[in-house]
Amino acid sequence: MKVLTPTVLTYLKVVILVAVVPAIIGFVVVLAERRLMGFMQARLGPNRVGPKGLLQGVADLVKLVTKEDITPSRAERAVYFLAPVLAVIPALTALAVIPFGPAIRIGKVKTTLWVTDVNIGLLFLLAITSIGVYGIILGGWASNNKYSLLGGLRSAAQLVSYEVPMGLALVSVLLMTRSLSMVEIVHRQGRLHLWFIFPGLLAFFIYFVSGVAETNRNPFDLPEAESELVSGFNTEYSGVKFAFFFLGEYAAMIVISCVAVTVFLGGWLPPFPHVAALKFLRILPPLGWFLIKAGLFLFGYIWFRSTFPRYRFDQLMALGWKWLIPISLANIVIVACAILATPGRSNGMFVLSYIFGGLFVVMFLLAKLRQKLARRERLAAIPASAVE
Amino acid sequence: MSDYLPILVFALLAAALPLATILIARALQSRKPNPAKLEPYECGIEATTFALDTRFSVRYFLIAVLFVVFDVETIFLFPWAVMFNRLGLFGLIEMLIFLTILVIGYFYVWKRKALDWA
């Protein structure tokens, strides 16, 4: 009798993901972030626990678990207890529909590198990630602390505001994918020999900016804004509950990165697989390519954090409602028109790639020019006596 | 529906992980509560008002209402986008009409300064 039936394998994958992803976050991602930020700020970062600081995660775990777990006397006890759990569930569950690789076989066992391929994958992801706001707003509310309440409210307003441009950016990609299934989206990019980042360059930028805002990361980390809200929604939380809020945030970052990789960067496909000169790139297994791409996104998150200063709340709202929403609506119309105006199955996508590529180059050059002019102006403003 | 069962199991396991850890941690840690420690974090002096007694800006509510309008619109766009290659020109014109109505409402909201935060 066979033990490893498809059903058993599916649940095995579920267990592995639930066990491995939090471990990766705790032992690898957090350490990588702290060390990278250290290097970006000309310091070392944690390097004491274990060789090169590799065991920092273990030390953090021991500390967080043994720390006294305080429930403030005026808190709503049940909600206060459940909020961190509620922050973790949707962020982890979203991983169920992410295809980390194609169907593979190990020895005699055939399996797929995704848990389940539901035909409304992308819609499911949007739906489940938006549940994450409950954990944060309920945590902020149940603490009965002024800073926490403000942090929770800000977070709710921010998350719902950026949910809209994120959904609209994905709609413009759906015009090209013609499917909501995550696996089918990757297969289609393989068949077209074109990653959707090229025709969907604008959508990609909108998606990533909204994604950073959705996960409450710098420069949009107003819900925690330690300089004004003393850490915001999690002010009252300590010990493991605090740790799970962080786990939820990092898991959400991973989900946003994985969705970006799947939808825009060809998922597990190596770059330009149809170009003969680049055939050697196949030596890396598909899963490896997926992890490299997702890792690049996580690196981007960390890079953002040590590069950009925090937005003000009114600027944040203006960026979401007055810039990203109209741009993403216009983007949908542009993509739809391009697909309709060009004959053939996929010519519109190549036309769009050239349009957005050209636009990107022009904007980049304009930004460079502006920088140069501003510099010249600054230099001209310095009185001659000051230059010695 | 069999596609969705693993997701449900996933969600249950994802819930079990934090719950179990919180309960295990409870057994490992020492607890020495005192009244000052259990106060809401503020400045160390006994608080006179508490967060849930105070009021907050109505703009948060406004943003939530606007979100519902725009999110429902996004949901309408999803099936349209997936079926677009079959709907063709008819689909494009239909969606342009829908978007025009929406954009008129959007500019009305903008003009009424509902999107400004000051």
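This is a predicted model: local features need pLDDT of at least 70, side-chain atom pairs count only at pLDDT 80 or more; totals for chains, interfaces and linings use all residues.
Student: At what angle do helix 3 and helix 4 of chain A pack?

Tutor: Axes are lines fitted to C-alpha atoms, for helices over the stretch in contact, with angles from 0 to 180 degrees between N-to-C directions. Helices (H or I, at least four residues) and strands (E, at least two) are DSSP runs numbered from the N terminus. Helix 3 of chain A and helix 4 (residues 121-142) of chain A pack at about 165 degrees, their axes 8 Å apart. The two helices, helix 3 of chain A and helix 4 of chain A, are therefore roughly antiparallel.

Student: Is the crossing of helix 3 of chain A and helix 4 of chain A left-handed or right-handed?

Tutor: A crossing is left-handed if the near helix is turned anticlockwise from the far one by less than a right angle, and right-handed if clockwise. Helix 3 of chain A passes helix 4 of chain A in a left-handed crossing. Contact requires C-beta atoms, placed from the backbone, within 7 Å. Among the residues in this contact are A:V79, A:Y80 and A:A83 of helix 3 of chain A, and A:I128, A:T129 and A:I131 of helix 4 of chain A.

Student: What classes of residue are in the contact of helix 3 of chain A with helix 4 of chain A?

Tutor: Ala, Val, Leu, Ile, Met, Phe, Trp, Tyr, Cys and Pro count as nonpolar, Asp, Glu, Lys and Arg as charged, and the others, Gly among them, as polar. The contact of helix 3 of chain A with helix 4 of chain A has 14 nonpolar, five polar and no charged residues.

Student: How do helix 1 and helix 10 of chain A cross?

Tutor: The axes of helix 1 of chain A and helix 10 (residues 286-307) of chain A come within 10 Å and cross at roughly 40 degrees. That makes helix 1 of chain A oblique to helix 10 of chain A. Their crossing is right-handed. In it, A:V29, A:E33, A:L36, A:M37 and A:M40 of helix 1 of chain A meet A:L298, A:I302, A:R305 and A:S306 of helix 10 of chain A. The contact of helix 1 with helix 10 of chain A has six nonpolar, one polar and two charged residues.

Student: How many residues does each chain give to the contact between chain A and chain B?

Tutor: Chain A gives 62 residues and chain B gives 51. On the side of chain A that touches chain B, helix 5 of chain A gives the most, with 15 residues. That side divides into 38 nonpolar, 13 polar and eleven charged residues.

Student: Where does helix 1 of chain A touch helix 1 of chain B?

Tutor: Helix 1 (residues 6-40) of chain A passes helix 1 (residues 5-28) of chain B with axes within 10 Å, crossing at roughly 35 degrees. The contact includes A:T10, A:Y11 and A:P22 of helix 1 of chain A and B:P6, B:V9 and B:F10 of helix 1 of chain B. By class, the contact of helix 1 of chain A with helix 1 of chain B has eleven nonpolar, one polar and no charged residues.

Terms used:
Residues are numbered from 1 along each chain as its sequence is written. Chains are lettered from A and ligands numbered from 1 in the order in which they are written. Two residues are in contact if their C-beta atoms, placed from the backbone, lie within 7 Å. Angles under 35 degrees count as roughly parallel, over 145 as roughly antiparallel, 65 to 115 as roughly perpendicular and the rest as oblique.
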